[in-house]
Amino acid sequence: MNLFNHSNDDITKGIESTIWKSIEKSIENDNIETFNVLNKFVVNVLYLSINNNSIEHFKKYIIFPASYYFITFQKIKENFKFQKLHKHATEYAALELKEIITFSLRYNENDIAEKKYESLKINNLFLYNAFNGFNRLLYLIISNGDTLRFDYAINEFFLIDQLRYNNFNDLKNEIRYNFRNESPEELELKKELYNEVKYFDEYKRHVIIGLRYWSLYLYAVKKNDLDTTIKYLEGLRIHSDFQEMLKDIIYLRNHPKYDYFEWGSWDYKERPNGRVYSPPNPRYWLTFGFLIDLLKSENPYLNSQFLSLKEMSEINFFYDTIKEDAQSIIKHYDFWKPILKVNEIEHLERKIDNILNSLKNLKRESINAKDISIANEELSAQKIEEFKNLIWESWNNFSTIRKLFLKEKNIELIDSDVKFIGQKTFFHKAKKMFIDGENFQQIYNVGEIGGQTSRWIDDEFLDEVITNKKDYIENVNLIDSINNCLQYLEEKEINATTILVSPEYSYRNDGFLYNKDFISKHDIKERNEDELTKYFIGNYKNLNVYIVHSDYILNKVIVSDFDNAFKMKYKTNPDWYNSELKINVNPITDEEAEKRYNSNPKQWITRDDGIDLTKEEALVLIKNGIHLEIGSYNEFEIINPEAYAVGLIQNKIQE
């Protein structure tokens, strides 16, 4: 029988459930000898799994040790005779987990020397699951308030790495401080290696952080008493300084894997079956625990040392959470006083002010650092092209009038100057959308700029047509207005072809859609779909009816012989998008930033988020914007003013 043949006919599949049932039976019978035999099998499978790189078998069996504790703890609550087996099983669990991690999952020196990153990645998979096995054991002990078993288990945990050194802090410091004056290329190689070998120390540290702050949470919800909590805090020692801790908390608050070390499923009470609920959020109890530790220190202060730009960018949200938690601690000062060991509330408030001020400085520093980084970035040709694609698609989709002229072909391409319909604007803080790297950020709904610009074409046409019509035909409803406009045109021997109305008439229940002379587009089977289909609502007396999204046509209707009444002149350029739409994205130069600042210095005294700015900071912020030019060159000519009529509907549609 081969446990690790990785074939589909693996006869050991599911054997772990049989083994577990046997272990349960041995515990039920209070039989230490049988338990030892079965436990030895489990340990052998774990070592074989490591030797054969069988992570799936390892994951199944590495949770057994914590389960020994869980089931024997339940038994001693029923009968104290299980106390001996409970102690024996728990101590075996902690001892075996320690030895597996320390002796079998130490990074291979040959893998490190030859930079075998794939082998190191596989080792890290085993490490995570092994540390999580120990984490699960300690979580159960702490959640049960089991101080008897805690001392032995946590002592075994801290013995990990004491017998065989497996820590790479020296490598981390070499990278940070570059003692040897190595070249950037050499440092990059060291960073690449460190990013694989850091996990042994990182997992060990994160287990303690999670358990320490969970024990504080259990005290906060009054699950564990003060003495039990103090004992756990004394045992769950953190050896990192607060700068390292800040890096950890920022990382853990934003961990992409929600159930990292099973924190997402930790809970402090039984929940009723069949009801939806969310366990306590690790993001919050980790931050709260970190604040408690800061307040327990003598001079809590945080700075940006060792923080990356990405980590600095998280300070904004972190500050808000810390501020809220601090208010809660002050409100319940008497409850937290024995933990904090701060004898006067005024002293506590000074500590909190110190922490919040340091975070405010970090917040300002992080914003400035990010702004400087963005200001110095080159615009990405790819991001600009993606933006142009987005703007064109939106612009091309949202003008009824332009599409109508193109369809009817009453257009004239000219070389001389025509009116620019669009926008030339300073787009504040938009450069982040046009750069590569970690500071890139999409702006929500930015594509709507194209649609908005396109609809200005409709506005321009309607303004020209309506303004140049001296006499409106007034009526109280749309049907009478259209009919009177048709009568007006017939008297001038004009054959109308097109009706333009406000979008409200595509759904408004005022009789028009149900009139016997109106045929909905859904009932016109012979009509082929085109770019105007979504603006076409049907035929009225064989005239095409289109909606136009513009305030200019509210409470109005335009009936016309469209081809003979109007003409659109337009201009093209091979450098524009599809030769028709001009889209330019340009950075702000130093000279332009200075000029913009000097034109209105008061505008740049304070950021939107209330942070005061120096002139230098304001100039950097200005350079976080871009010059944006989007538009087309179109003009509208009324060829025959007698070939159209404008109806004014006095029974107004409510805006």
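## Largest pocket

The lining of the largest pocket is made up of 14 charged, nine nonpolar and five polar residues. These assignments come from a predicted model. The pocket holds about 830 Å³ of space.

In total, 28 residues line the largest pocket. Those nearest its centre are Lys198, Glu202, Lys247, Tyr251 and Glu311. Helices H9 (169-177), H10 (184-197), H11 (199-220), H13 (242-253) and H15 (309-312) each give two or more residues to this lining. The largest share, five residues, is supplied by H13.

## Packing of H13 against H14

Besides its part in the pocket lining, H13 packs against helix H14, which spans residues 282-296. The axes of H13 and H14 lie 9 Å apart and form an angle of about 170 degrees. Angles over 145 degrees count as roughly antiparallel, and H13 and H14 are therefore roughly antiparallel to each other. The crossing of H13 with H14 is left-handed.

## Residues in the helix contact

On the H13 side, the contact is made by Phe242, Met245, Leu246, Ile249, Leu252 and Arg253. H14 contributes Arg283, Leu286, Thr287, Phe290, Asp293 and Leu294. By class, the residues of this contact comprise eight nonpolar, three charged and one polar.

How values were computed. Residues numbered from 1 in each chain as written. Predicted model: local features only at pLDDT ≥ 70, side-chain atom pairs only at ≥ 80, totals over all residues. Heavy atoms only, no water. 1 Å grid on protein atoms, 1.4 Å probe; cavity = no way out; pocket = protein on both sides within 12 Å on 5 of 7 lines; lining within 4 Å. Points joined across faces, edges and corners; volume = space filled by probe spheres on them. Helix = DSSP H or I, 4+ residues; strand = E, 2+ residues; numbered from the N terminus. Nonpolar A, V, L, I, M, F, W, Y, C, P; charged D, E, K, R; others polar. Axes fitted to C-alpha atoms, helices over the stretch in contact; angles between N-to-C directions. Parallel < 35°, antiparallel > 145°, perpendicular 65-115°, else oblique. Left-handed = near helix turned anticlockwise from the far one by under 90°. Contact = heavy atoms within 4.5 Å.
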